[in-house]
8 protein chains.
Amino acid sequence: MRGSLIGIVMGSDSDLPIMQEAAKILDDFKVQYDITISSAHRSPELTTTYAKNAAKKGFKVIIAGAGGAAHLAGVIASKTSLPVIGVPINSSSLNGLDSLLSTVQMPSGVPVATMAIGKTGAKNGAILAIQILSLKYPELKKKLNRYKNRLAAETSKKARRINKNLHKD
Amino acid sequence: MRGSLIGIVMGSDSDLPIMQEAAKILDDFKVQYDITISSAHRSPELTTTYAKNAAKKGFKVIIAGAGGAAHLAGVIASKTSLPVIGVPINSSSLNGLDSLLSTVQMPSGVPVATMAIGKTGAKNGAILAIQILSLKYPELKKKLNRYKNRLAAETSKKARRINKNLHKD
Amino acid sequence: MRGSLIGIVMGSDSDLPIMQEAAKILDDFKVQYDITISSAHRSPELTTTYAKNAAKKGFKVIIAGAGGAAHLAGVIASKTSLPVIGVPINSSSLNGLDSLLSTVQMPSGVPVATMAIGKTGAKNGAILAIQILSLKYPELKKKLNRYKNRLAAETSKKARRINKNLHKD
Amino acid sequence: MRGSLIGIVMGSDSDLPIMQEAAKILDDFKVQYDITISSAHRSPELTTTYAKNAAKKGFKVIIAGAGGAAHLAGVIASKTSLPVIGVPINSSSLNGLDSLLSTVQMPSGVPVATMAIGKTGAKNGAILAIQILSLKYPELKKKLNRYKNRLAAETSKKARRINKNLHKD
Amino acid sequence: MRGSLIGIVMGSDSDLPIMQEAAKILDDFKVQYDITISSAHRSPELTTTYAKNAAKKGFKVIIAGAGGAAHLAGVIASKTSLPVIGVPINSSSLNGLDSLLSTVQMPSGVPVATMAIGKTGAKNGAILAIQILSLKYPELKKKLNRYKNRLAAETSKKARRINKNLHKD
Amino acid sequence: MRGSLIGIVMGSDSDLPIMQEAAKILDDFKVQYDITISSAHRSPELTTTYAKNAAKKGFKVIIAGAGGAAHLAGVIASKTSLPVIGVPINSSSLNGLDSLLSTVQMPSGVPVATMAIGKTGAKNGAILAIQILSLKYPELKKKLNRYKNRLAAETSKKARRINKNLHKD
Amino acid sequence: MRGSLIGIVMGSDSDLPIMQEAAKILDDFKVQYDITISSAHRSPELTTTYAKNAAKKGFKVIIAGAGGAAHLAGVIASKTSLPVIGVPINSSSLNGLDSLLSTVQMPSGVPVATMAIGKTGAKNGAILAIQILSLKYPELKKKLNRYKNRLAAETSKKARRINKNLHKD
Amino acid sequence: MRGSLIGIVMGSDSDLPIMQEAAKILDDFKVQYDITISSAHRSPELTTTYAKNAAKKGFKVIIAGAGGAAHLAGVIASKTSLPVIGVPINSSSLNGLDSLLSTVQMPSGVPVATMAIGKTGAKNGAILAIQILSLKYPELKKKLNRYKNRLAAETSKKARRINKNLHKD
């Protein structure tokens, strides 16, 4: 598990606060990643180079976030056979519905694994990437199971806390 | 006004019945065009070549039609400085809302001149292309004015016909 | 690559014509799969058993299709750390918008890799599953690259055919 | 009418400010309830246990609130024959449309009694729960009628006050 | 359990094919009901009388179905303290989104238990009504549990049948 | 033109800042009106009385504003033959789409003259009411024409001001 | 009540089957009308002339139906102080949502009394026009009341018929 | 390239902060323009005069921005054969969906080149106008190519900066 296994890419630097949520999760799981900016529309050649070199650089999965007519994930998926995860970002007045539909409604043959709109989607993009990697790196499976247990444990803890607080009143 | 001045391109052969409406209008105005298929996602290199060569081939305007996560017009617009007209096509269960938003919500710097969904949009794409060409080819201006007058005359004629039919009853 | 590597599951037998599109793709790639029906709401225990046993049965990826308040993929994702691919099915009057939002808007920690609505989504679910498997089974990578080339070649062929047909007129 | 007759459950502690509106109404009607957190996706086993024990614990109705791909009410309804009331919570960028559709579009055989999005829905979930309980506990019928009269009286009072204020100007 | 315990009412006779789905379920459970037509807008007095007499006639629950600006369930809920179940009917060009929002977005104090759009919602309205009645009539609880088991068994059966059919091929 | 010719009614006192926009316009035109609160759902009898007495009290037009499942205008229209103008108010998380559809999608025979969502709609409700009154009170026609001219003049003035400001820069 | 009191106008002859529903209602009420076609976009001068002459020709109300970016009613309202009723027509792939929003969301000062989408809206446009006329022509008030009673009577009759039919089974 | 080649027009002075984005781009490209206010609905004659004189004044392209039932671009397009670019402005509670649909869904024969909602659309309207002008003024082509390169270069720069910042942490 040496080198960056995951490429995180976003269409604009204003997407960084969203996409860093993916990076944080990967940090927690100690999975190395590369993070950069490339716009499907403003820097199409950079994006093509990115997509074409992704496998050679050792990436196993790409997580691409974009807003508006969000083509970034789709453009990358058209140029690599790696799994591409798309994170729709809410950056126009339409609440992210435009980026969701632009990301998910891909044509036959070129899938984009679409996540929820915004930060939740960025986090889940990282989890999905780790689930995919775990196919090859079994040590990640244990971590994922621990993570799943922790999610459940946190909810139980919150449930107990809420009971206490409400009974105090 | 020799050679094809307008490139019509669509993402799939199933889009042909829609995009031929644009071709018919151009035939009426005796404006030469080239018509082809290229998918942003399934044949990305063909699309890149198409966009990069468009100006060299003498095209002045491109009309691009696509459905679903309709990236075709945007991908072409990212690679040429010619005006690109986008026709959203209703080919998924979402009634063309997905293709409309994927076509129109382009980021700063890379416009796509978006038309109505479907056949109406394809026809209007051709009219807009002719309006643009008329900047350079003044003979088209007269034709456009005649066309505008004909639209009005046809409506007047329909108005008279409707009056007759209803008064017969 | 022995045994079923992929589990296809759907909420109702009326979803079969959609989800068989995934099966056909897997057949083309000679990837073994298991296909069954289990409803998140009508047979919740069957679904729980399915999700909990999926990894043990050797599944590496699950493709789950459902319509309406489409919880199937999410319920399975809550009970396994395998990657879960969700296919929203258009089976209510709302054109699949309900199943899309119910599938894609998953909370932090429990991703569902959401595909396009309907048959296109089912096909792409299979392609994504193969992309994921190719991480472990490199022979699939070549097949995916050939598939990608075939997609491009088919588009080129259609482009040539359309030119011929239109020039005959 | 001893013990908690109603279970209020929500998917996340961030939903508490919404769901406490239900609790306040039940306090006003002096109907005992239990309030807790359990996530359909993050703590699925806790949720299963909750749903399966609900009737045994003496609950007659369950009020479940969740946001995004809001599966909580549906998952509980799949595992109990008690009436389940769903409160869609607006916690994503889509204004609660996602949680509304995920809650209301349940398949045949597994209803969720869906309320308005947000605080109004939480309040009304409590009123509906009391209407249901009143079938068995007739003392609640009188309270409901008094409540209905009070709603009308408050509106009349506001109408009078508005008249005064406007006539002063 | 003598006399009609449930009132089914719809806004127009064109809604009958939808609302009869509720009646069929009640027949299966041997729960007596009354079924009629009354429009919130075209026969407001009939509707008022219906709502005001509902409790006196022995109804315990009302199931109201309507399309478009679907006010029927809300108007009835404003005039009775019985639980009112609303079934949005898809009878305009907007696919039932208008009737869904008109039914579910009720103001504080006047809940309508909203079901899915169309036939599924009508069926589920009947199931919810039976769940509510079961609070007072425990014999219905057993039937509901049997019904729940049957739903699961039918899904299992379909799963087995699908396996057979696919393996024959 | 003695006495209140127009009744303004709204579902809640929180709607007052919106509906006062209608009142201001009527003040400008010196048309007398009555303004009050009555909820279709919380004070249904008050609403019925209001609708039934409206013509007797001398009202010629009713302007009704409400949010959410906005039934107020429709309920009044069901009980009077006066023209009823509906103002959808944006008071839920759905941006007024719910109130718009609940107000406009009325069934055959019971029209509600629906205005834009919010303050603009309230103002326009007043203008439409005056246009209607002008049928009987010709002095209002002149005022309406003056108002129309003033709208145009104000726009011209703004156009001149914008030119000055921009040329200064 | 001599001469045409109401002008019905539509944007295209394909709208005639919808707008004739308005004409039928006016025939039933023996109110004279003029019916014609004029497009806001294709015959703008015809439309301007129509709007400017409407009052002179004796029209008291205008009913305008159009689809897509439905500007007809708004354009007419901008040029006359007569009440203008807008009927959104479902003629694009967006189910009439585009024509509804284009008709109803008019700016301050220029109201369009918007009806439901399609035939129901056309019928209701006629009823609203008669309600408006009744301000000046009291004989119409009686007819409107009789119409209202007939609506209620028809619903009662349908209710009785449904009871009979169901009890025969 | 003397005199104003482009006319920018908007429906209201509140649209100025949006439409000035178009002006800034034109300033950058040293393309002269005229900017003014004219409402399709409040000053229809001013708008007619504007549209009819546009070509005579030397305008080659018109950029029209409006909100709500945004008819401005369409009304102008109905009266000139110049290319008309529409910028939907988000000025109602519906997030600009109303202005987008009112602008883009134009009928056959009368195209409006629709841009993204809001500031992005205003900027892109200017870019598209320059692309159109470049047909006649080849010096603009070079500028457009430089602009395109600058867009790409800026993205590359941001990508390098993000790498530095993240590696510092």
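**Loops, helices and interfaces**

Modeller: Gladly! Let us start with a loop: Lys30(C) sits between α1 (16-28) and β2 (33-37) of chain C. Please keep in mind that this is a predicted model.

Biologist: What is the phi of Lys30(C)?

Modeller: Most residues other than glycine have a negative phi. Lys30(C) is not a glycine, yet its phi is positive, at about 55 degrees.

Biologist: Thanks! Now to chain D: is Asn95(D) buried or exposed?

Modeller: Asn95(D) belongs to the loop between β4 (84-89) and α4 (97-104) of chain D. It is a residue other than glycine with a positive phi, near 65 degrees. Buried means under 20% relative accessible area. Asn95(D) has 18%, so it counts as buried.

Biologist: Let us move to chain E. Which residues does Ala159(E) contact, leaving aside its neighbours within four places in sequence?

Modeller: Ala159(E) is part of helix α6 (residues 139-168) of chain E. With 8% relative accessibility, under the 20% cut-off, Ala159(E) counts as buried. Once those sequence neighbours are set aside, its contacts are Thr36(C) and Ile37(C).

Biologist: And what separates the C-alpha atoms of Ala159(E) and Gly67(E)?

Modeller: Along the chain, Ala159(E) and Gly67(E) are 92 residues apart.

Biologist: I would like to look at a helix pair next. How are α4(G) and α4(H) oriented to each other?

Modeller: Two packed helices are described by the angle between their axes and the distance between the axes. For helix α4 (residues 97-104) of chain G and helix α4 (residues 97-104) of chain H, the axes come within 9 Å and cross at roughly 105 degrees. Angles of 65 to 115 degrees count as roughly perpendicular. The relation of α4(G) and α4(H) is therefore roughly perpendicular.

Biologist: Which residues make that contact, and how do they divide by type?

Modeller: On α4(G) the contact is made by Asp98(G), Leu101(G) and Ser102(G), and on α4(H) by Asp98(H), Leu101(H) and Ser102(H). By type, the residues of this contact divide into 2 nonpolar, 2 polar and 2 charged.

Biologist: Now for the interfaces. What area do chain A and chain C bury between them?

Modeller: The size of an interface is often given as the accessible area lost when the parts come together. Here 39 residues of chain A are in contact with 39 residues of chain C. In chain A, Ser81(A), Pro111(A) and Leu135(A) lose the most area to chain C, together 21% of what that side buries. Between them the two chains bury, with 61% of it on carbon and sulfur atoms, about 3300 Å².

Biologist: How many salt bridges are counted between chain A and chain H, and which residues meet there?

Modeller: Chain A and chain H bury about 1200 Å² between them, with 15 residues from chain A and 14 residues from chain H taking part in the contact. Ile37(A), Arg42(A) and Ser93(A) supply 39% of the area that chain A buries against chain H. The count is 1 salt bridge, and the side chains that meet in it, at 3.4 Å from N to O, are those of Lys158(H) and Asp13(A).

Biologist: Last one! How many helices and strands are there in chain A?

Modeller: Read along the sequence, chain A follows the pattern β-α-β-α-β-α-β-α-β-α-α. Of its 169 residues, 67% count as buried. Chain A has 6 helices and 5 strands.

Definitions and conventions
Residues are numbered from 1 along each chain as its sequence is written. Chains are lettered from A and ligands numbered from 1 in the order in which they are written. This is a predicted model: local features need pLDDT of at least 70, side-chain atom pairs count only at pLDDT 80 or more; totals for chains, interfaces and linings use all residues. Side-chain values use heavy atoms; hydrogens and water are left out. Helices (H or I, at least four residues) and strands (E, at least two) are DSSP runs, numbered from the N terminus. Buried means under 20% relative accessible area, exposed over 50%, partly exposed in between (1.4 Å probe, protein chains only). Contact means heavy atoms within 4.5 Å. Axes are lines fitted to C-alpha atoms, for helices over the stretch in contact, and angles run from 0 to 180 degrees between N-to-C directions. Angles under 35 degrees count as roughly parallel, over 145 as roughly antiparallel, 65 to 115 as roughly perpendicular and the rest as oblique. Ala, Val, Leu, Ile, Met, Phe, Trp, Tyr, Cys and Pro count as nonpolar, Asp, Glu, Lys and Arg as charged, and the others, Gly among them, as polar. Buried area is the accessible area (1.4 Å probe) that two parts lose on being put together, summed over both. A salt bridge is a side-chain nitrogen of Lys or Arg within 4 Å of a carboxyl oxygen of Asp or Glu.
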